[in-house]
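Please read the points below against the sequence and the coordinates. They go element by element, with cut-offs given where a term is first used.

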Amino acid sequence: MQTQQQSSRKLNLLSYLRAVNYVQAEKVSKAYGMRVLFEDITLGVDEGQKIALVAKNGSGKTTLLKMIAGLDTPDTGEINSRNGITIGYLPQDPDFDGEATVIETIFNADNPTILAIKNYELWLDAHAHKHTKETETQLQLAMEEMDHLNAWELENDIKTILTQFKVAFYDQKVNTLSGGQKKRLALCILLINAPKVIIMDEPTNHLDIEMIEWLEIYLSKSNITLLMVTHDRYFLDKVCNEILEMDDGKLYKYKGNYGYFLEKKIEREQSETRSVEKAKNLYTRELDWIRRQPRARGTKSKSRVDAFDDVKKEAHKKLGEDNVELNIKMNRVGGKILELKNISKRYDDKKLISNFSYTVKRDDRIGVVGANGTGKSTLLKIITNQLAPDAGKVVLGDTIVVGYYSQEGLQLKEDKRVIEVVKDIAEFIPLAKGGSITASQLLQKFLFTPDQQYTYVSKLSGGERKRLYLLTILITNPNFLILDEPTNDLDLMTLNVLEDFLNDYEGVLLIVSHDRYFMDKLTDHMFVFEGDGIITDFNGNYTDYRLMLLEKEKQKRQLNNSNKSSNAAQEAPGVVPEKRKLTYKENLELETVQKQIADLEVEKSTLEIEMSSGKLTHEQITAAAHRFEKINKAIDKKTLRWLELEDLK
């Protein structure tokens, strides 16, 4: 009887798992010519899962996302989605009808509610510009249709999304938008349409930090199912609860955050090292045996010949990531580096930089942050003499060699080979400790294999192009590196290597980036573009700056609460205003809720480890997942209460 009950429970669990599975890829493979991206990959996307896909540039991440989104087909295998499931896809470079206006593009949908909102917005705009009897009548009809479809809440959500991503250029044609504006427009359309499965390829590119933090909160909602590629580690950590790693054409799964993924990846590679060493020893013996056999092998030895091929493949398996040792010689830094004297710049009526002065020091590692369009890239172009200031002076030291990595990137000829791009700059590159290396050797250190070095630029992925561009900057031996959004499209492995190099780099660093993890690791003070030409020099990294803003916001709320209490007391004659203090019960609650949050965080971490151990049964995994969701909600609720009580202290 007990066995029958167990079987019944397993069947029920399997039915449950099938019921929540949205998309399933079974044994899919993809190759371009002789280049195999991946083969026999199987993965599923279930309701509520938030999965990050990580891999080296050129491994096929974007191709896999497109296949799951239904925009590409596998060479072998199949991809199925549950009936009625809608899948939305955010590409790295959105493609729109250039002749359509922004508002036409936003509301280009068959959804009757969205069409009703579009009609309402158009007549609302027409009525605001020209008040006539017709516009009034049509607006009234549009409002009645909105009432009929209960569309007001969605209309409010749409306005929130458009406002958050600063999409207000409704009458512009799409072909007049910048790449960043198109990416934000595509993101808005995706969120407005609210598909059951959201697939995103580098969603944080072209977003400022404020937008990224809003998107983190939005995507963390429990009812959203997500599969994405991102290089933003803070974003990945905040949003995703599972990581899929594509390595050497295979897929590895990790239940947990980015830190847990790194820990388990190291363990896996150490285990593979032992396996490969064993295979190499066996391969040596088998190679000797194969060479001693006659050409016409008998049937008895055929199984051993087949096994030899497997052993050979295992023995030659590439382990880990190649180390990129960027010990390129740097030019000497003199006494004077860079002086900015009362710099000002504006475009038409928009003030970007107002009377800004700064003297760069030898050990400066400066991060530049601010909303899109506030003038960050403009400052870099002024420093690099690509743009003249309206007022002020830029003085560059005689010994300073600037290496400038711009958002626009290097304009590469598509018919050139990778090695030709490097040789056009230098065939031999001097090293810091003497000697030199060839262009080919340097490319290998940048993860370009000998075969890839003779690949045409037109065949490179976006990330591989960025890696090549970065290499061309560094081989000029700069002692002042200016990096404008260097992390866009780079894979996590390349980012780790770049961070290691920049940590040891002895020159001056000036970095514009929305990647908070990257900025925290490499900078020690910030130029904060606050708008209207104001640039504040903040002593600390991005997290320090963010904590300062939160503290200011807290003090502002406390002041507002105090003013409200004071005003209420003044309205009541004879009442002396008193500052609100925590009661004994509230003090006790504050201490209790802090401990509860800490305990819940510990339980959450323990659950993450258990779910990733591979030791739990299906029933235990399901129970753990439900508990994990409850813990997250409890942490959010208790944190809000903790903030409320803290404000009263």
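1. In helix α5, Thr135, Leu139, Ala142 and Met146 are the buried residues, where buried means under 20% relative accessible area, exposed over 50% and partly exposed in between (1.4 Å probe, protein chains only). They lie on the same side of α5 because they cover an arc of only 60 degrees around the axis, the arc being that of the directions from the helix axis to the C-beta atoms. The face of α5 turned away from this buried side carries the exposed residues Lys133, Glu134 and His148. Helices (H or I, at least four residues) and strands (E, at least two) are DSSP runs, numbered from the N terminus.

2. The model is predicted: local features need pLDDT of at least 70 and side-chain atom pairs count only at pLDDT 80 or more, while totals for chains, interfaces and linings use all residues. Residues are numbered from 1 along each chain as its sequence is written, and side-chain values use heavy atoms, with hydrogens and water left out.

3. The length of α5 (residues 133-148) agrees with expectation: its 16 residues should span 22 Å at 1.5 Å a residue, and the end C-alpha atoms are 23 Å apart. The expected span of a helix is 1.5 Å times one less than its number of residues. The buried residues of α5 pack against α4 (112-129) and α6 (152-164); contact means heavy atoms within 4.5 Å. Just after α5, asparagine 150 has a positive phi of about 50 degrees.

4. For the protein as a whole, there are 21 helices and 20 strands. Of its 649 residues, 44% count as buried. Among contacts with a separation of 6 or more, 69% are between residues 24 or more positions apart.

5. Helix α7 (residues 179-193) has 15 residues and reaches 21 Å from first C-alpha to last, close to the 21 Å expected at 1.5 Å a residue. Twelve of those 15 residues are buried, so α7 is largely enclosed by the rest of the structure. The buried set includes the charged residues Lys183 and Arg184, as well as Leu185, Ala186 and Leu187. Packing partners of the buried residues of α7 are β5 (87-90), α3 (102-106), α4, α6, β6 and α8. Just after α7, alanine 194 takes a positive phi of about 45 degrees.

6. Which residues line the second largest cavity? They are Leu53, Val54, Ala55, Lys61, Glu202, Val229, Thr230, His231, Asp491, Leu492 and Met493. β3 (50-54) and α17 (492-504) are the elements that give two or more residues to this lining. The lining divides into six nonpolar, two polar and three charged residues; Ala, Val, Leu, Ile, Met, Phe, Trp, Tyr, Cys and Pro count as nonpolar, Asp, Glu, Lys and Arg as charged, and the others, Gly among them, as polar. The volume of this cavity is about 50 Å³, and the count comes to three cavities of 30 Å³ or more. A cavity is a set of points on a 1 Å grid over the protein atoms alone where a 1.4 Å probe fits but cannot get out, and lining residues have an atom within 4 Å of a point. Points are joined across faces, edges and corners, and a volume is the space filled by probe spheres set on them.

7. Glutamate 202, one of the residues in that lining, sits in the loop between β6 (197-201) and α8 (209-219). Its phi is near 50 degrees, a positive value in a residue other than glycine. At 4% relative accessibility, glutamate 202 counts as buried.

8. Asparagine 342 also has a phi near 50 degrees, positive in a residue other than glycine. Asparagine 342 lies in strand β10 (residues 338-347) and, at 42% relative accessibility, counts as partly exposed.

9. Leucine 226 is in strand β7 (residues 225-229) and is buried, with a relative accessible area of 0%. Leaving aside neighbours within four places in sequence, leucine 226 is in contact with Gln49, Lys50, Ile51, Ile198, Met200, Leu219 and Val239. Leucine 226 and isoleucine 199 are 27 residues apart in sequence and 6.0 Å apart C-alpha to C-alpha.

10. Arginine 465 belongs to helix α16 (residues 462-474) and counts as partly exposed at 25% relative accessibility. Its C-alpha atom is separated by 9.4 Å from that of asparagine 57, 408 residues apart along the chain. Not counting residues up to four places away in sequence, arginine 465 touches Glu414, Val457, Ser458 and Leu460.

Notes:
On a 1 Å grid over the protein atoms alone, a cavity is a set of points where a 1.4 Å probe fits but cannot get out, and a pocket is an open set with protein on both sides within 12 Å along at least five of seven lines; lining residues have an atom within 4 Å of a point.
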